[in-house]
Amino acid sequence: RRLLPAIQLGAAPAFLAAHGWRLLAAAADGALWVWDLQAPAVQLRASAAPLLALAPARVVGMQLSAAGLPVAVMSDGAAHAYSAGMAAWMRVADGAFPASPFHSLLQGPSGELAQLQR
């Protein structure tokens, strides 16, 4: 039994992730959606294209945070979270600033970012 009919993205899905009733879909062309499947309603429509332009790094993982926002992990170890209020991707972790409160998430065994980077 299906919860909803099939969703057509317009391009091949690159990443799919769920957290509770939220579903994230990122397409190969950079289009990104977050839906509340219980409502059902779109919560976010954005583009991951700015992350795709960060060559030579590439997106190796994408998940939903506990707050329901997309978090992308790059091949160079950096992590970016999408800010709906700013309508932009924010780098929230990398190895260049060990004093960052997010740095421990990159190194430690627990936390949202550490789990994404496995």
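Predicted model: local features only at pLDDT ≥ 70, side-chain atom pairs only at ≥ 80, totals over all residues.
**Overview of the fold.** Residues are numbered from 1 along each chain as its sequence is written, and side-chain values use heavy atoms, with hydrogens and water left out. Along the sequence, the elements follow the pattern β-β-β-β-α-β-β-β-β-α-α. Of the 118 residues in the protein, 39% are buried, a class that means under 20% relative accessible area, with exposed over 50% and partly exposed in between (1.4 Å probe, protein chains only). The protein exposes about 7,000 Å², of which carbon and sulfur atoms supply 57%; accessible areas come from the Shrake-Rupley method with a 1.4 Å probe, and for residues only the protein chains shown count as cover.

**Strand E6 and its two antiparallel partners.** The antiparallel strand E7 (residues 79-83) is joined to E6 by 3 bridges, and the bridge partner of Val-71 in E7 is Ala-81.

**The turns on either side of E6.** The hairpin of E5 and E6 has 5 residues between the strands, and Gly-68 takes a positive phi near 90° there. The hairpin formed by E6 and E7 has 4 residues between its strands, and Gly-77 in that turn has a positive phi of about 95°.

**Aromatic ring pairs.** A search of the whole structure finds 2 aromatic pairs, defined for rings of Phe, Tyr and Trp (its six-membered ring) whose centres lie within 6.5 Å, with planes under 30 degrees apart counted as stacked, over 60 as edge-to-face and the rest as tilted. The rings of Trp-33 and Trp-35 are stacked, because their centres are 5.8 Å apart and their planes are at 5°. Trp-33 counts as buried at 10% relative accessibility, and Trp-35 is likewise buried, with a relative accessible area of 13%. The rings of Tyr-82 and Trp-89 have their centres 5.2 Å apart and their planes at 70°, so this pair is edge-to-face; both Tyr-82 and Trp-89 are buried.

Ala-14 lies in strand E1 and, at 43% relative accessibility, counts as partly exposed. Leaving aside residues up to four places away in sequence, Ala-14 touches Ala-26, Ala-27 and Ala-28, contact meaning heavy atoms within 4.5 Å. Ala-14 and Met-62 are 48 residues apart in sequence, and their C-alpha atoms are 9.2 Å apart in space.

**A nonpolar patch at the surface.** Leu-3, Leu-4 and Trp-21 make a nonpolar surface patch of about 290 Å². Leu-3 is found in the segment before strand E1 (13-19) and is exposed, with a relative accessible area of 54%.

How values were computed
Patch = residues over 30% accessible without salt bridge, like charges linked within 9 Å, V, L, I, M, F, W, Y side chains within 5 Å. Salt bridge = Lys/Arg side-chain N within 4 Å of Asp/Glu carboxyl O. Pairing = 2+ DSSP bridges.
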